[in-house]
Amino acid sequence: MTGRQQLGIVAIVLVAVAAIGFTITRVLGNELTPLGAGTRAPNFQAATLDTPPKMKSLSDYKGQVVLVNVWATWCEPCRVEIPSIERLYRTYGPKGLRVVAVSIDDSASDASILAYVHQMGMTFDVLHDPAGKIEHAYQVTGYPETVIIGKDGIIRKKVAMAIDWDSEGNRRLIEQLLAE
């Protein structure tokens with residue numbers, strides 16, 4: 001076998017390895033790079049419930065402490081959790097905490113989501129992502145799912161279930177992040 005033939009075989013093998021590597025990262029992307037505390041929060045876009053709706057993104061909250069909650073109107077644990085998020089927001093919103101609740105309802109209209117928001121007494125930012133793009137970006141595994149993001153854009157806490165966000169431990173975390 002000539003040197004030229006050997007070089008050709010090596011080139012074919014390298015192309016095949018690169019193609020396999022590319023395919024694996026596309027199929028297993030989320031599993032290879034899990035999103036959690038210590039990772040940069042991915043940007044997302046979702047629409048406000050205004051008429052006409054406006055697009056907002058995480059970058060609109062740059063440099064702020066942000067609690068991002070992914071929820072749906074049909075989610076019973078979300079209904080249980082929202083009042084504690086509202087209490088946390090009423091306490092720390094004036095001090096700089098931003099709360100962004102992103103509804104992933106695909107079949108609900110903005111009007112029905114807005115009725116839910118009023119019924120629940122939600123006074124923080126509520127966005128709608130009917131395509132569920134935030135679910136992929138944030139590797140959502142269930143509802144509700146919440147992340148707290150520091151001023152530096154790094155996720156500080158990720159929780160994949162309903163919890164009491166107005167608890168002493170969560171208040172201390174928010175106070176610490178607001179002070180940074």
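Student: What do the buried residues of H4 pack against?
Tutor: This is a predicted model, to begin with. In it, the buried residues of H4 pack against E3, H3, strand E4 (98–103) and strand E5 (125–128).

Student: Which residues of H4 are the buried ones?
Tutor: Helix H4 covers residues 110–120. Its buried residues are Ile113, Tyr116, Val117 and Met120.

Student: Where do they sit around the axis of H4?
Tutor: On the same side of H4, because they cover an arc of only 100° around the axis. As background, an α-helix has 3.6 residues a turn, so residues three or four places apart point the same way.

Student: And which exposed residues does the face turned away carry?
Tutor: Ala111, His118 and Gln119 are exposed there, on the face of H4 turned away from its buried side.

Student: What follows H4?
Tutor: Glycine 121. Its phi is positive, near 70°.

Student: Let me zoom in on isoleucine 113. Buried or exposed?
Tutor: Isoleucine 113 counts as buried, because its relative accessibility is 0%. Its place is in helix H4.

Student: What is isoleucine 113 in contact with, leaving aside neighbours within four places in sequence?
Tutor: Isoleucine 113 is then in contact with Leu49, Trp71, Thr73, Ser103, Asp105, Ala108 and His128.

Student: How many residues apart in sequence are isoleucine 113 and histidine 128?
Tutor: They are 15 residues apart in sequence. In space, C-alpha to C-alpha, the two are 8.4 Å apart.

Student: Zoom out. How many helices and strands are there in the protein?
Tutor: Six helices and seven strands. Along the sequence the pattern reads α-α-β-β-β-α-β-α-β-α-β-β-α.

Student: What share of the 180 residues is buried?
Tutor: Buried residues make up 40% of them.

Student: What about contacts with a separation of 6 or more: how much comes from residues 24 or more positions apart?
Tutor: Those residues account for 71% of such contacts in the protein.

Student: Now H6. How many residues does H6 have?
Tutor: Helix H6 has 12 residues, 168–179. From its first C-alpha to its last, H6 reaches 16 Å, close to the 16 Å expected at 1.5 Å a residue.

Student: Which residues of H6 are buried?
Tutor: Asn170, Leu173, Ile174, Leu177 and Leu178. Seen down the axis of H6, the buried residues fall within an arc of 130°, so they line one face of the helix. Glu168 and Ala179 are exposed on the other side of H6.

Student: What covers the buried residues of H6?
Tutor: The cover includes helix H3 (76–92), strand E6 (145–149) and strand E7 (155–159).

Student: How many cavities of 30 Å³ or more does the structure hold?
Tutor: One. The largest cavity contains about 40 Å³ of space.

Student: Which residues line the largest cavity?
Tutor: Val68, Val70, Tyr138, Val140, Glu145, Thr146 and Val147. Strand E3 (66–71) and E6 are the elements that give two or more residues to that lining. E6 gives the most, with three residues.

Student: Last topic. How many disulfides?
Tutor: The count is one disulfide. It joins cysteine 75 to cysteine 78, with an S to S distance of 2.3 Å. Cysteine 75 and cysteine 78 are both buried.

Student: Right-handed or left-handed, that disulfide?
Tutor: The torsion about the S-S bond of cysteine 75 and cysteine 78 is about 85°, so the disulfide is right-handed.

Terms used:
Residues numbered from 1 in each chain as written. Predicted model: local features only at pLDDT ≥ 70, side-chain atom pairs only at ≥ 80, totals over all residues. Heavy atoms only, no water. Disulfide = S-S within 2.5 Å. Buried < 20%, exposed > 50% of the residue type's maximum accessible area, 1.4 Å probe, protein only. Helix = DSSP H or I, 4+ residues; strand = E, 2+ residues; numbered from the N terminus. Expected span 1.5 Å × (residues − 1). Arc of directions from axis to C-beta. Contact = heavy atoms within 4.5 Å. 1 Å grid on protein atoms, 1.4 Å probe; cavity = no way out; pocket = protein on both sides within 12 Å on 5 of 7 lines; lining within 4 Å. Points joined across faces, edges and corners; volume = space filled by probe spheres on them.
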